[in-house]
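Thanks for coming, everyone. Please have a look at the model on the screen, and then I'll walk you through it.

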Amino acid sequence: MKSILIEANHISKIYDPNILWKRGKNEYALRSVDFILEEGDFISVMGPSGSGKTTLINCITTLDKISKGHLKLFGRDTLAIKDTIIDDFRNKYLGFIFQNHNLIPSLSIYDNIAVPLLLNEVSNDEIDNKIKKVTKDLNIEKILDKKPYMCSGGECQRVAIARAIIQQPKIIVCDEPTGNLDSKNSHEVLRILSDMNKKGITIVLVTHDPLIASYSKKMMYLYDGSIINVVNRNSNNQVDFYHKIVNVTSKDSDIQRVLNNEEYIELNKEMFNKRTDVYMMINDREYDDKLKEQYRPLIIDDEYMIYINVYQEKVKISLSIIKGIKIDLISKTTGIGIFSDYLFYVNVDFVCDDMVLRFKAMNQDDMIDVIEKLEILGYDIEDKKNIKDIFYKYPLAYERGKYLRNTYKELLK
């Protein structure tokens, strides 16, 4: 099983937030995005201008702070670790290639490339050997003594690429890395990145160009701060993958078709190794758009359920494979100190022959509708705590919470 390097859980980035007495506009650059980067991934990120592509990579690499949600680096939540550890993570494990080359004007090309190695106290001989190799690969070995202002835009971008890959980081993050290069040099750069990916380097690539994106293994499409489509290369060759990407990106003018795409991936056990927070929705009913943004949906229809997994891929689950349903209660602490309280949610397990689909339903006052829908579909629900009766007797969350705190004190531990 591949290691998870970066895990973003429902992260949002809000500019001009409305906090307490400040009447901000709450402008969302990202809206409850889930993003998982595993070792060996090569992910391209696409979307129209202003969709949140650069904001996403700035947030997942900690160049910018998220406003909501949780971000884990190598399994550690950024909310629980010091800024110095995060700085060390960026220094040791990340290589950046920005849309603008961001070279230091006063330094030579040689010294610009050497900066990451100098920060990590690499010996002069090793620095010299590494620079000679990487500049030869990028065809810039003849400009090492020049200053950035003496080089063309394409040359400066290749220098920036050399600086990013000089110490072979675990992750390379690229924001339009070929923007200033001609076609030949662009594809040469992508060939180098592809070769590095084959050797185990993980790559995140932001681009507007479907042909550049076709070098990746997976394309994520952003619109209005949300990931609305994911296209996997799988066993397709590059040409076929390119056409699949074009089929998505060419629909900017008809975005609803993209939002309603019917491409599903196959259900597998690994999706449910751990319990997933979802908002359980009944098809054809109206729900608050804020709930859709805040939680991953699990949509229940008469013959199947639609689940969007942590990789933003759609999974269609046939109800015919479900042999039984179990529900139970779980509590979550909110607030701090004397202001803390408990919220109660329902764990829902869909039992199949060879797997259990484990969810935590974030529904509150409308959970009874979900239970009744499942009963109408013909399921006998194992409900040892009489959750259905509790929701009937206490339809309001605060009344129900008071009853549960007094009745099921073991849930408060």
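I'll go through helices, cores, strands and rings.

First, the ground rules. This is a predicted model, where local features need pLDDT of at least 70, side-chain atom pairs count only at pLDDT 80 or more, and totals for chains, interfaces and linings use all residues. Residues are numbered from 1 along each chain as its sequence is written, and side-chain values use heavy atoms, with hydrogens and water left out.

Let's start with helix 6, residues 183-198. Helices here are DSSP runs of H or I with at least four residues, strands are E runs of at least two, and both are numbered from the N terminus. The expected span is 1.5 Å times one less than the number of residues. For the 16 residues of helix 6 that gives 22 Å, and the end C-alpha atoms are 22 Å apart, so the two agree.

Which residues of helix 6 are buried? Ser-186, Val-189, Leu-190, Ile-192, Leu-193, Ser-194, Met-196 and Asn-197. Buried means under 20% relative accessible area, exposed means over 50%, and partly exposed is in between, with a 1.4 Å probe and protein chains only. Those buried residues pack against several elements, including helix 4, helix 5 (153-165) and strand 8 (202-206). After helix 6 comes Gly-200, with a positive phi near 110°.

Helix 4 covers residues 124-137 and holds Asp-128. Asp-128 is partly exposed, because its relative accessibility is 25%. From Asp-128 to Leu-205 it is 77 residues in sequence and 28 Å in space, C-alpha to C-alpha.

Now the cores. A nonpolar core is a set of buried Ala, Val, Leu, Ile, Met, Phe, Trp, Tyr and Cys residues joined through side-chain atoms within 4.5 Å. The largest one has 39 residues, and among those with the most contacts inside it are Met-280, Ile-325 and Met-367. Helix 11, residues 367-376, gives this core its largest share, five residues. Apart from it lies another core of 37 residues, including Ile-109 and Cys-151.

Back to helix 11. Its buried residues are Met-367, Ile-368, Val-370, Ile-371, Lys-373 and Leu-374. Gly-378 follows helix 11, and its phi is positive too, near 100°.

What does Ile-325 touch, leaving aside its neighbours within four places in sequence? Its contacts, meaning heavy atoms within 4.5 Å, include Val-348, Phe-350, Leu-374 and Tyr-379.

On to the strands. Two strands pair if DSSP finds at least two bridges between them. Strand 11 (residues 276-282) and strand 12 (residues 297-300) run parallel, joined by four bridges. Ile-282 stands opposite Ile-300 there. Strand 12 also pairs with strand 13 (residues 304-308), antiparallel, over three bridges. A hairpin of three residues links strand 12 to strand 13, and Leu-298 stands opposite Tyr-307.

Last, the rings. The whole structure has nine aromatic pairs. Rings of Phe, Tyr and Trp (its six-membered ring) pair if their centres lie within 6.5 Å; planes under 30 degrees apart are stacked, over 60 edge-to-face, and the rest tilted. Phe-89 and Tyr-93 are tilted, because their planes are at 45°, with centres 6.1 Å apart. They are four residues apart in helix 2 (residues 83-93), about one helical turn. Phe-89 is buried at 6%, whereas Tyr-93 is partly exposed at 31%. Phe-272, Tyr-307, Phe-350 and Phe-359 form one aromatic cluster.

That's the tour; questions are welcome.
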